[in-house]
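Have a go at each task before reading the solution below it.

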Amino acid sequence: MATTEVERRRGQLAALSIAAVVIIVGVPLWWRTTETYRAWLPVSQIKELAKLQLHLSADVEVVFARGTVTPEQQKKVPLTQTQNMEHRVDEDTALSYRYETRYRTATIMEEDALNQPTAAEADLSLHTLSESPSGSLVVYVIPESSSLLPQNVDVYIGQRRTALLRIGSQMRVGKTLEQLLAHMEPRIKQVLHVMSFSHTDITAALSNRVRISPGNKESIADSMRAFKSSPGYEITFSLLNPDPKSHRLHWDIEGAVETYIQPLLTKLSPVANFSIDSQTLYYAMLGVNPRFDSSRSTYTLNADSLAHVINPVEARLGSNAASSNPVLNFLLYIPDAHHSPLYIHDHKKQQVPTNAFHSPRWGGIMIIRQCWVYNVNEFYEVDTVFPVDINIDMAKVMGVFLAQLRLLLGVQSSTPPPGFLVAPCGNAGLADWELDRLMWSRSVENIATATTTITSLAQLLDQIGNIVINDNIAQQVSSAVTSLQLAVSELEAGNLGFALQYSKEAILSSERAFFDPSLLHLLYFPDDQKFAIYIPLFLPMCVPILLSLLKIVSEARQKHREKKPKKD
Amino acid sequence: MYFLLVYMYIKNHVYMFPDLLGCHGKCRRYLFCCFQDRAGQFFSSGHTNNWAVLVCTSRFWFNYRHVANTLSVYRSVKRLGIPDSHIVLMLADDMACNHRNPKPATVFSHKNMELNVYGDDVEVDYRGYEVTVENFLRILTGRLPPSTPRSKRLLSDDRSNILIYLTGHGGNGFLKFQDSEEISNVELADAFEQMWQKRRYNELLFIIDTCQGASMYERFYSPNLMALASSQVGEDSLSHQPDLAIGVHLMDRYTFYLLEFLEDIHPASKTNMNDLFKVCPKSQCVSTPGHRTDLFLRDPGSVLITDFFGSVRKVELTMETINLTDPIDAESGELQKEMHTYADQLPVSEIIHQKPKQKDWHPPDGFILGLWTLILLVFFQTYGVKHLKHIF
């Protein structure tokens, strides 16, 4: 009797201890070993970044030359004004622009510089006096009597960051400074619109974040044409020779790239890295048949047939397999002997002066003009010895390619308002204020893209509970968040160079985090599949434990019930 | 169900509806009076480049027709202008050189061996066992390891129109990959949503030719998606014609009639999507093809076939040139005399003298454990359990 009691007690103890081990040790162990490793992400900071508040500020200096202000007005100068403009793009994005304008009078050296015979020389000597930092502007106000600008031109925009503004004389006498400033304000606003950031540019740069209904048709075309912001680009120059039997081509591509293209790319180095290569393709045809124009005895290509030129050639172009950067292709086509000379005609049947066309986000194609080729005097006489040596004038060719490169990289050259004269951009191919505009829009675009990437990554990781978040991803996300916060604050302070640099770092980190190969979600388990996996494992083990526990409980209750009448 | 989807979509993406339809009508008028130097097609669609992802998800000889389907679509897409660098082709590629192929190095799509779709210039990006669900999702979302070459990546941007064509064996809500794994419609919809978040496409056309194909596009919720399927839920897609010499069915019905339709398209044609929806009616296809356009912003009647199947470039005439006056340095001519050397592609000396990599220790797997258990059991069976205490 006692032994059965002992046996029963031993059995109860065994069941209880097994149940205790299962619950205390087993369940936490199973939970810890089946949870996915998720490193900590700064979710609250990411949520803050989802509501983007961008403040852009520019410093403008307005310098009055002698003869533009009366002595009473001059007493009130120097003066500083600040203008703020707020725009709400959508519920998550808000922009505010601030222009800090300082008014002062010109120094003696600046007056000397403004006394040069032409505006271009004045611009050059003003630049030697002082160098404006990135993102700022200087506007020199010159009197009506000055001969720097031609008759119908009121504003001259230089190659650096200066502009010359001529005011009418009737506003000078007997007016206070405030009235003078109010009169000049529309003109200065136009200058700012051309030389510094404008609302249309900035909102276009935000297109990754906000789907805006496109304004005018020019802005649609502009937004489609330029490449998106990328840390690097590859530029390929290709020479297409469809007829090597007739033409032997010589082009000094290395020298031309070094002299003409490299200065632009060096100037653009804060914006992106560029790598250049070149190739020659033989027997590469155009794919469309040109028509013979007997009135001009030349061959012509219609503008409508140009769209079909690119595809047959593209298959042969090739690209650098090692990088995933966007590629810009520039092709120079030398027509074969039977279709020479070849010109492109626009919709009005007029010859296009550059003889070139470009395709948005792809590159440009140019057909060589006869006058840009040396060593071919009278083309194709009866006794010409083939192949003919042809030396290509790289300066003209690169002039066209440089213009196409500017368009494809997003250097907007919209028509300036009437009365404006914009200086040609010089040998670097890019004016300083154009670089500033590009840097503004690139910074904003990078910040917008990086915030969208980070917020959508956080949302994705939140939604899908069983993606593993490794430490390196968490680190990239944290560094992206830090860089973004720094970029936004630098933009607000007006330090354009730093803002662009931080925004580039933010983009790199956020892209690396978003496109990390380990973030692949292949673990879609519907609930019934989860049950189907766990039940065969746990049910056979839990059923005996549960039953024995139930038996213990029912026996204890029975004993308790037996004890109760005894107590009575 | 549709109402719920549409309601949720509108709730989440209400700020994303651009006024494209409004500007479409005004565009043409504006064009001819102000922008004669821009080509006419510029504003009809918002894309600048085209990509195609063509996937055949079956292997083995009896699934010849799936490979022929995919290769036929590949040929059409190449003929209409999309270059190989913009096509990602995933095939098991075990048909052309299969031992059972009576005409090696060929894959035919019409009986009596009329059209060899394999040809000389097929560029298969993922072949054999590389065609997996994981690789497919990696291509779509862009999460490829950094060593992946350019030809295996989908390098699309926010102005790319992408065509995705899937064929193989499928069921209600899933598609079978290479007879060993499957992709579900939820995973596919999530992949497209991730593509949309990163703006990896402008518009996407999804065509699927499998049994119960319509179930694969039921769960899509990202904008700008148009989907076509060869059969509805509960129906099977049937194959078209067997060839007695090869011994297997050569094509599926839907893709056969799709191909006939595409043969009439050339790069300048103006056929639109409404004609594509009419391809292969029930009388020819036996199954009922379906399509889904509620997530697509433009009206399907204004979408050209060549917007997805071809690659018509938009061009602008270059009107400006920059006056360059610096002469090229004479010094650079001397650079050409420098001899060009060939860089070492592989560090051969390092590879030869490499030490073998230390392999990580793994605990013994099931086979070894089972073998030892068997040996121990046999031992104790023969010699009795009482020897157990000598062991432990």
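A residue counts as buried if its relative accessible area is under 20%. Please keep in mind that this is a predicted model.

**Exercise 1.** Classify the ring pair A:Phe227 and A:Tyr233, and decide whether each residue is buried or exposed.

Solution. Start with the total: 26 aromatic pairs are counted over all chains. In the pair of A:Phe227 and A:Tyr233, the ring centres are 6.0 Å apart and the planes make an angle of 75°. An angle over 60 degrees counts as edge-to-face, and that is the class of this pair. Next, take accessibility: A:Tyr233 has a relative accessible area of 1%, so this tyrosine is buried. A:Phe227 is buried as well, because its relative accessibility is 9%.

**Exercise 2.** Do likewise for B:Phe192 and B:Phe206, then find which elements they link.

Solution. These rings are 5.9 Å apart centre to centre, with 75° between the planes, an edge-to-face pair. B:Phe192 belongs to helix H5 (residues 185-197) of chain B, while B:Phe206 belongs to strand S8 (residues 203-209) of chain B. The two residues are 14 residues apart, and their pair links distant parts of the chain. B:Phe192 has a relative accessible area of 0% and is therefore buried. B:Phe206, at 0% relative accessibility, is also buried.

**Exercise 3.** Which rings does B:Arg59 lie over?

Solution. One is B:Phe60, with B:Arg59 over its face at 5.9 Å from the ring centre. Another is B:Tyr129, where B:Arg59 lies over the face at 4.1 Å from the ring centre.

Notes: Residues numbered from 1 in each chain as written. Chains lettered and ligands numbered in written order. Predicted model: local features only at pLDDT ≥ 70, side-chain atom pairs only at ≥ 80, totals over all residues. Heavy atoms only, no water. Phe/Tyr/Trp six-rings, centres within 6.5 Å; stacked < 30°, edge-to-face > 60°. Buried < 20%, exposed > 50% of the residue type's maximum accessible area, 1.4 Å probe, protein only. Helix = DSSP H or I, 4+ residues; strand = E, 2+ residues; numbered from the N terminus. Lys NZ or Arg CZ within 6 Å of the ring centre and 35° of its normal.
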